[in-house]
Amino acid sequence: MARRVHTTELGSIACNELSELGAGKEGWLIEDPNLICALDTQSLALANRSIILVLGWSENGDPNNSPVKIRPALSQIEAEWITALEWLVFDEIRVLAIGTSSGYLMVYSLGADLIHKQMINPGRILKFRVRGTKRDLTQGSSSEEVCVVMPGAIARFDGADLLSMLQRWFQDTHSQFWDEKPKRRDQEDSERLPYQLWNVSKYGPGADAAITGMMPPPLMELQSAFIVGQSSQRYYCAVTIGDDAVISAFRLSEDRNRSLVGAILSKVVPATFSTIASFSKMIWRSGQQSPKRPEPKPQPFARASPLTCLKDHPRKGEKLTLSPSGTLAAITDSLGRILLLDTQALVVVRLWKGYRDANCLFMEMQVSKDAAASSSSYYEAMKSDYYLCLAIHAPRKGIVESVADEDRTTPSNCSVLQRQ
């Protein structure tokens with residue numbers, strides 16, 4: 001029986017620039033631990049420790065899809081290198097987010113221009129997680145949030161803040177004259193984006209983490225509106241995996257836990273010091289400038305309360321894959337098992353064995369497509385026309401399985417749809 005093929009050719013990415021990333025050697029795309037990739041609907045980004053190569057789908061040799069090479073300004077003193085890469089898509093705006101080993105977030109345009117650079121927290125950035133982009137078939141909105149995963153810490157950026165910053169940059173760039181060179185930006189010129197940072201290292205530094213969504217506040221916590229001027233706080237649920245605890249969950253508070261005095265001092269003291277500093281410069285003005293730039297200070301952690309954890313030595317959590325809605329998570333461990341976690345109830349609802357070194361991916365598949373198309377000449381698919389599917393790649397078995405929910409309501413009632 002002939003082997004079935006379920007692939008569609010998109011185009012070719014072959015070019016001479018790939019040799020700088022190790023192309024030409026056997027197994028270079030899989031065996032190189034420093035090679036990072038980020039896939040978009042229109043292009044592919046590949047990066048090693050110091051170079052990023054953006055390749056578009058070149059159908060019929062389209063000259064407009066020429067490769068773009070990006071060389072981020074990395075610190076040679078600290079031996080900084082690229083550790084994370086992800087696409088940020090906001091409507092018509094497409095940029096690249098780059099994470100470094102020193103904890104810096106860099107945003108580059110497709111023209112290799114530095115848009116933004118900001119210190120998140122000292123330490124290696126492991127991964128970016130983007131939720132709510134238009135790449136999801138059932139999502140009609142732009143990016144809602146960007147999470148930055150670090151060993152023992154996780155940060156969250158609001159998509160509205162990122163979109164506003166990108167729109168201002170593109171407007172300033174397009175308003176320049178054709179012969180005017182773009183202004184060089186560095187960490188001092190870039191505006192600092194607001195974000196929340198949490199310490200989730202109670203059960204070890206962790207191998208991966210994700211913010212699954214919002215959750216209700218603690219039952220016994222009193223909400224005092226007059227303290228911060230808000231009627232309520234927002235809370236998020238974070239799931240981490242690692243060596244000490246296979247799975248652990250935290251409740252993340254959006255605002256730092258501070259008293260009324262702390263809230264007043266946080267607004268009064270900076271304004272007071274700013275006024276004193278201004279007067280001091282007017283009186284003791286000096287023409288000498290400091291030759292050394294001030295190092296950016298890390299942001300203090302917000303409150304993270306542990307909810308639960310699963311310890312099962314010697315099992316270790318390895319990879320975490322989050323569904324588009326954030327309600328399910330597929331977790332692979334060191335014993336070749338895949339755990340399907342309900343992130344709202346924090347309960348493992350399904351367990352698969354014998355999948356060592358597996359990779360998981362949640363997909364949304366359309367149901368009753370032929371019936372809907374036959375009922376009307378024009379039919380636009382809605383969210384109810386899709387159901388969630390989990391693709392499992394088992395490299396040691398040499399197969400890809402597609403697992404889906406039979407009744408589309410109970411995540412534990414799953415069956416294998418297709419095996420290739």
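**Charged pairs and their surroundings**

Tutor: Start with E254 and R234, which form a salt bridge with their closest N and O atoms 2.7 Å apart. E254 counts as buried, at 15% relative accessibility. R234 is partly exposed, with a relative accessible area of 36%. Bear in mind that this is a predicted model.

Confidence matters here. The chain averages a pLDDT of 79, and 69% of the residues score at least 70. Over residues 257-270, pLDDT stays under 50. The model has ten contacts beyond four places in sequence for that stretch. Residues 133-142 also stay under 50. For them the model has 29 such contacts.

Now the other salt bridges. The count comes to twelve. One of them joins D208 to K127, with the closest N and O atoms 2.8 Å apart. D208 is in strand β13 and K127 in strand β9, so this pair links parts of the chain that are 81 residues apart. D208 is buried, at 5% relative accessible area. K127 is partly exposed, at 31%.

Another bridge joins E145 to R156, with the closest N and O atoms 2.7 Å apart. E145 lies in strand β10 and R156 in strand β11, so the pair ties together parts eleven residues apart in sequence. Both E145 and R156 are buried. Elsewhere, E20, K69 and R71 are linked in a network of salt bridges.

The charged end of R94 is over the ring of W87, 4.9 Å from its centre. K397 lies over the face of Y355, at 4.2 Å from the ring centre.

Next, ring against ring. The whole structure holds four aromatic pairs. One of them is Y203 with F250, a tilted pair at 6.0 Å centre to centre with 50° between the planes. Y203 lies in the loop between β12 and β13 (208-215), and F250 in strand β15 (residues 247-253), so the pair ties together parts 47 residues apart in sequence. Y203 is buried at 17% relative accessible area. F250 is buried at 1%.

The largest nonpolar core has 27 residues. I120, F128, F157 and L166 have the most contacts inside it. At least two core residues come from each of β5 (82-90), β6 (93-100), β7 (104-108), β9 (127-131), β10 (145-150), β11 (153-158), α2 (159-174) and β12 (195-199). The largest share, five residues, comes from α2. Beyond its neighbours within four places in sequence, L166 is in contact with F90, I93, V95, V107 and I115. A second, separate core has 16 residues, including A38, I70, L96 and L114.

Technical notes. Residues numbered from 1 in each chain as written. Predicted model: local features only at pLDDT ≥ 70, side-chain atom pairs only at ≥ 80, totals over all residues. Heavy atoms only, no water. Core = buried A, V, L, I, M, F, W, Y, C linked by side-chain atoms within 4.5 Å. Buried < 20%, exposed > 50% of the residue type's maximum accessible area, 1.4 Å probe, protein only. Helix = DSSP H or I, 4+ residues; strand = E, 2+ residues; numbered from the N terminus. Contact = heavy atoms within 4.5 Å. Phe/Tyr/Trp six-rings, centres within 6.5 Å; stacked < 30°, edge-to-face > 60°. Lys NZ or Arg CZ within 6 Å of the ring centre and 35° of its normal. pLDDT = per-residue confidence, 0-100. Salt bridge = Lys/Arg side-chain N within 4 Å of Asp/Glu carboxyl O.
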